[in-house]
Amino acid sequence: MKCLALKLFQANGAVRQYYPLIVIFVFGALSSVFINKYWNYNGGRSDQQHKHLILHRPFSIVDFDDHGRYDSDQDAHELIIRETEVDVISDQDNVEALMSLIAANEMKSMGKGEKALKLIEHGIALAPKNPDLLNGYGELIETLQDDILMADQMYFQALIYSPTHKEALGNRKRTQVIVDDLDWQQLKRIDEKRDKMSSMPDSNMALRRAKKEAYFQHIYHTVGIEGNRMSLSETRSILETRMAIGGRSIAEHNEIIGLEAALKYINATLINRLGSISVNDILEIHKRVMGFVDPLESGVFRQTQVSITFYDT
């Protein structure tokens, strides 16, 4: 009897040595079963079901202070994003942008206009060609900021990317009448100012000052397009005093002087002349524009080939 008890005790001791291996084996088996079940749950969905989950998953941004008074069962509303020409599934940015639109609509319904604008502007930054976002942004601007012109522009852009967008078509039809009326009023005011200015005699001092200032600004902006660094005051100083400006190159001075010579030629010869402008007239203008900068190449056609090359920066 003692021998049998001793043998059982020794057998239990030998089995006890394998307890860690047994535990690891059981844990591994249970883990494999769990992973298999989870994989089948996610991988077994069809593409249409996966798309539905992405577009209709709950997304709500509620401030901490509002948790006490916000009842999701009563106030939550269904926000379904209609399928558009933009691929909202393959592009993760478009998915996030649509979620921003949903959150913006929730903020708008809660009376938080500024947060709604920030959310939808974030969405437009991610997907600037999404018609739902453009239309929603226009509605927010029209409602919160009363900016009909900007809202009409957003509706128009939405229709560029989705011409059959139902909401954008309705909004654009409504705002276009208002915008056309605003444009007509603005053009009418411009015509009235033009007629008033045309009725002024050439001896009017205010008219002469306006023409002179426009003359300086025209030269300043024209040479500035070509990279001239002269400021408006420096340009005016050169034209009025013919004095050089310190720190500026000779070529920059000559560009201003040459353009003034070309304008004087046009005002003296071509303004009051009847008929079309000839090639010789264009060469004469070019001779005066470039005469102070490059006398050898001014007033003649270029003899060398010129090409435009793009460089990666």
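Is lysine 287 buried, partly exposed or exposed? Lysine 287 is partly exposed, with a relative accessible area of 38% (buried means under 20%, exposed over 50%, partly exposed in between, with a 1.4 Å probe and protein chains only). This is a predicted model, in which local features need pLDDT of at least 70 and side-chain atom pairs count only at pLDDT 80 or more, while totals for chains, interfaces and linings use all residues. Residues are numbered from 1 along each chain as its sequence is written, and side-chain values use heavy atoms, leaving out hydrogens and water.

**Salt bridges overall**
- The structure holds 13 salt bridges (a side-chain nitrogen of Lys or Arg within 4 Å of a carboxyl oxygen of Asp or Glu).

**Within helix 13**
- Lysine 287 pairs with glutamate 284 in a salt bridge, 3.6 Å from N to O.
- Both residues sit in helix 13 (residues 279-290), 3 residues apart, about one turn of the helix (helices are DSSP runs of H or I, at least four residues, numbered from the N terminus).
- Glutamate 284 is partly exposed too, at 25%.
- Shared partners join the salt bridges of Asp191, Arg194 and Asp195 into one network.

**Between helices 10 and 11**
- Glutamate 213 and arginine 236 form a salt bridge of 2.9 Å, N to O.
- Glutamate 213 belongs to helix 10 (residues 205-225) and arginine 236 to helix 11 (residues 232-241), so the pair ties together parts 23 residues apart in sequence.

**Around helix 12**
- Glutamate 260 meets arginine 242 in a salt bridge, with the closest N and O atoms 2.5 Å apart.
- Glutamate 260 lies in helix 12 (residues 250-270) and arginine 242 in the loop between helix 11 and helix 12, 18 residues apart.
- Glutamate 260 is buried at 6%, whereas arginine 242 is partly exposed at 45%.

Conventions
Helices (H or I, at least four residues) and strands (E, at least two) are DSSP runs, numbered from the N terminus.
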